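Student: I have a new model open and would like to learn how to read it. Can we take it one feature at a time?
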Amino acid sequence: RSRGGFFDCTQDKWAHSAGSVYRRRAGLSSDASAKEGASEPSGARRANTLKFDIFCKRPANKMTTLISTNPADNYSYIGEVEITTDVEITAKVKKANAAKTAWKELRVKGRIKLLTPIRDEFKVRAEEISTLISKETGKAINESTSEVTRYIEEFTWFLENGLKALSDEITLRDDESLHRIVYEPYGVAACIAPWNFPFGMAIWGIFPNLVAGNVVVFKTSEE
């Protein structure tokens with residue numbers, strides 16, 4: 001079944017609503033065992049930790065901090081974060097480019113292994129996240145809770161189906177040749193999210209890309 005436009009079970013294609021998160025390469029090969037779930041190359045670099053750099057672009061008035069308020073409580077103060085400068089954004093993109101090879105070489109199983117504890121942490125802190133969403137957007141708590149519950153389920157679906165969706169596809173095999181489609185990550189994905197589903201849009205923008213092997217630079221909404 002379709003989950004948010006990311007996966008089409010009828011064609012076994014993993015896709016992103018803003019563009020593909022994979023690149024297809026069709027060709028000839030004599031190695032039918034080269035699957036995404038196969039053992040990693042001995043020279044592969046490994047990522048030991050995950051770091052999320054989520055930024056908010058500095059507007060034209062050169063504000064240095066973004067103040068978060070509660071629209072359902074007369075815009076009472078919640079907190080504030082530093083606004084990312086153009087120079088800092090450039091640095092984050094460079095860091096993402098530097099990390100893309102190591103992240104790709106973990107292969108799907110390795111990436112899913114690192115991402116699963118993040119999903120588990122979201123489950124533990126679901127009530128905390130829901131409460132913060134309600135404060136920052138003015139949503140009723142039942143709507144925020146529904147958002148968090150739904151998108152944790154989406155995250156789980158990406159983890160459970162990533163290996164199948166990204167496995168090589170054999171399109172032709174005969175005595176002389178083997179035609180195989182190989183799915184490869186692009187490298188770095190830039191994701192820009194709207195304000196209305198802050199948790200859900202982060203899930204959709206970040207985690208299918210990470211499962212597919214892309215490194216993500218994510219911009220949350222200023223609203």
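Student: What pLDDT does the chain average, and what share of the residues score at least 70?

Tutor: pLDDT is the predictor's confidence in each residue, on a scale from 0 to 100. Here the chain averages 79, and 72% of the residues score at least 70. This is a predicted model, in which local features need pLDDT of at least 70 and side-chain atom pairs count only at pLDDT 80 or more, while totals for chains, interfaces and linings use all residues. Residues are numbered from 1 along each chain as its sequence is written, and side-chain values use heavy atoms, with hydrogens and water left out.

Student: Over which residues does pLDDT stay under 50?

Tutor: Where pLDDT is low, the predicted coordinates should not be read in detail. In this chain, that score stays under 50 over residues 1-49. The model has 115 contacts (heavy atoms within 4.5 Å) beyond four places in sequence for that stretch.

Student: How many helices and strands are there in the chain?

Tutor: Helices (H or I, at least four residues) and strands (E, at least two) are DSSP runs, numbered from the N terminus. The chain has 5 helices and 10 strands. Take the contacts between residues at least 6 apart in sequence: 72% of them join residues at least 24 apart.

Student: At what angle do the axes of H1 and H2 cross?

Tutor: Axes are lines fitted to C-alpha atoms, for helices over the stretch in contact, and angles run from 0 to 180 degrees between N-to-C directions. Under 35 degrees counts as roughly parallel, over 145 as roughly antiparallel, 65 to 115 as roughly perpendicular, and the rest as oblique. The axes of H1 (residues 86-105) and H2 (residues 107-124) cross at roughly 105° and come within 7 Å. H1 and H2 are therefore roughly perpendicular. Trp 103, Lys 104 and Glu 105 of H1 make the contact with Arg 107, Arg 111, Leu 114 and Leu 115 of H2.

Student: Which classes of residue are in the contact of H1 with H2?

Tutor: Ala, Val, Leu, Ile, Met, Phe, Trp, Tyr, Cys and Pro count as nonpolar; Asp, Glu, Lys and Arg as charged; the others, Gly among them, as polar. The contact of H1 with H2 has 3 nonpolar, no polar and 4 charged residues.

Student: How do the axes of H2 and H5 cross?

Tutor: The axes of H2 and H5 (residues 198-212) cross at roughly 160° and come within 9 Å. That makes H2 roughly antiparallel to H5. Residues that meet include Ile 112, Leu 115 and Phe 122 in H2, and Phe 199, Ile 203 and Phe 207 in H5. The contact of H2 with H5 has 11 nonpolar residues, no polar and 1 charged.

Student: Is Ser 130 buried or exposed?

Tutor: Buried means under 20% relative accessible area, exposed over 50%, and partly exposed in between (1.4 Å probe, protein chains only). Ser 130 has 3%, so Ser 130 is buried. Its place is in helix H3 (residues 126-137). Not counting residues up to four places away in sequence, Ser 130 touches Ile 141, Ser 144, Thr 145 and Val 148. Of the 223 residues of the chain, 40% count as buried.

Student: Where does Asn 74 lie?

Tutor: Asn 74 is in the loop between strand E5 (65-70) and strand E6 (76-82). With a relative accessible area of 72%, Asn 74 is exposed. Its phi is near 55°, a positive value in a residue other than glycine. Tyr 75 lies in the loop between E5 and E6. Tyr 75 counts as exposed at 57% relative accessibility.
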